[in-house]
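Here are my notes on the model you passed along. Have it open while you go through them.

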Amino acid sequence: MEIELSTKEFNLFRQYIYEKVGISLSEQKNTLVKGRLNKRLNQLGLTSFHAYYEYLVRDTSGEELGFFVSAISTNVTSFFRETAQWKWLEGALLTILQSKKEKKIRIWSAGCSSGEEPYTILMFLQENLQNFESWDIKILATDISEKVLSHAIHGIYEEKQIESLPKHILLKSFQKIGQGNNIKYQILPSLREKVTFRLYNLVTDPFILKNNQFDMIFCRNVMIYFDDVTRFEVIRRFTTIMPKGAPLFLGSSESLTTHRDTLKLIGSSIYQRL
Ligand SMILES: C[S@@+](CC[C@H](N)C(=O)[O-])C[C@H]1O[C@@H](n2cnc3c(N)ncnc32)[C@H](O)[C@@H]1O
């Protein structure tokens, strides 16, 4: 039986989610929240949304918050998503790296979901960097959802997720695991070890990265649910850890009308630090 969500209860979630994640749920989202979370309430043996609200607020680990966000938004991702951006990067990579004194590359995939984005970055570098192995490459990959991160850490994907990848990339990046009808593809340990996955809420977690510099930041299809104030602040923080010339990649449906003094549009939803 479906558990009802009253307007009063819905407003509690709205307020909490806005404060914690910067997502502003419109009043019309009442049905969506009710529909998507009913199963979760059943799993937890809870009989009202008020009880679930209390459960969510009490969970200081952030795990349930990640679950909530996954339920009301989307974790959809794929390898080499936003083809135009990878094409652009093919032409721009050498210029981005030319001023480096050391053979060291640091990249942040913020809102990495189940790992396709950070692993694509490595596959891309493997294809486009001369002497890939001689570079010290570290990718920081963060997300608010523990569930997607645990998938990402293992780096195991179904055949349909990898079937569009060129054969030579497949061979260099994955190992087959399983048997019979249960064959899966796992990212090779030599690539996985270059990625550090971390639970990190872009909106409320302290900005621990302020002493870092990233050669590139990917934050694609993450801020679509954020309101303007939240998006402004998240982007402002990014600009403080990008050296001059570094690109910031957003999702193809995302564009910036702010930060014109620090970021310039140079490609399809790609902004360069001025
Ligand atoms: C649609 S996926 C995008 C994945 C990948 N960047 C891409 O473009 O394919 C959005 C991801 O952002 C994460 N996310 C949403 N709000 C977040 C927040 N406040 N802090 C960190 N991650 C967040 C979600 O958990 C989800 O995995």
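The numbered points below go from the whole chain down to single residues.

1. Ground rules. This is a predicted model, in which local features need pLDDT of at least 70 and side-chain atom pairs count only at pLDDT 80 or more, while totals for chains, interfaces and linings use all residues. Residues are numbered from 1 along each chain as its sequence is written, and side-chain values use heavy atoms, with hydrogens and water left out.

2. Overall build. I get eleven helices and ten strands in the protein; these are DSSP runs numbered from the N terminus, with helices being H or I of at least four residues and strands E of at least two. The radius of gyration is 20 Å against the 19 Å that the globule rule gives for 274 residues, so the protein is as compact as a globular protein of that length. (That radius is taken over C-alpha atoms, and the rule is 2.2 Å times the number of residues to the power 0.38.) The C-alpha trace spans about 60 × 55 × 30 Å along its principal axes.

3. Buried residues account for 49% of the 274, where buried means under 20% relative accessible area, exposed over 50%, and partly exposed in between (1.4 Å probe, protein chains only). The accessible surface is about 14,200 Å², and 50% of it belongs to carbon and sulfur atoms; the areas come from the Shrake-Rupley method with a 1.4 Å probe, and for residues only the protein chains shown count as cover. Take the contacts (heavy atoms within 4.5 Å) between residues at least 6 apart in sequence: 71% of them join residues at least 24 apart.

4. Charges. There are 35 positive and 30 negative charges, and their mean positions are 5 Å apart. Lys and Arg count as positive, Asp and Glu as negative, with His and the chain ends not counted; each charge is placed at NZ of Lys, CZ of Arg, CG of Asp or CD of Glu.

5. The S1-S2 pair. Strand S1 (residues 104-110) runs parallel to S2, and seven bridges join them.

6. The three-stranded sheet. Which strands make up the open sheet, and in what order? The order is S3-S5-S4, with antiparallel pairing. S3 (156-157) and S4 (174-177) stand at the edges with a single partner strand each, so one side of each is left without a neighbour in the sheet. Two strands count as paired if DSSP finds at least two bridges between them, and S3 has two bridges to S5 (residues 184-187). S4 is joined to S5 by four bridges. Have a look at tyrosine 185 in S5: it is the bridge partner of tyrosine 157 and also of lysine 176. S4 and S5 form a hairpin with six residues between them, and glycine 178 in the turn has a positive phi of about 90 degrees.

7. Two non-glycines with positive phi. Asparagine 221 has a phi of about 60 degrees although it is not a glycine. It sits in the loop between strand S7 (216-219) and helix H11 (228-240), and counts as buried at 18% relative accessibility. Serine 269 has a positive phi of about 55 degrees, again without being a glycine. Serine 269 is in the loop between S9 and strand S10 (270-273) and is buried, with a relative accessible area of 10%.

8. Threonine 262. This residue is in the loop between strand S8 (247-250) and strand S9 (263-267). Is threonine 262 buried or exposed? At 16% relative accessibility, threonine 262 counts as buried. Leaving aside residues up to four places away in sequence, threonine 262 touches Thr239, Gln272, Arg273 and Leu274.

9. Tryptophan 88. Helix H5 (residues 83-97) carries tryptophan 88, which counts as partly exposed at 23% relative accessibility. Beyond residues up to four places away in sequence, tryptophan 88 touches Ile96, Pro247, Phe249, Ile266, Gly267 and Ile270. Tryptophan 88 and glycine 267 are 179 residues apart in sequence, yet 7.1 Å apart in space, C-alpha to C-alpha.
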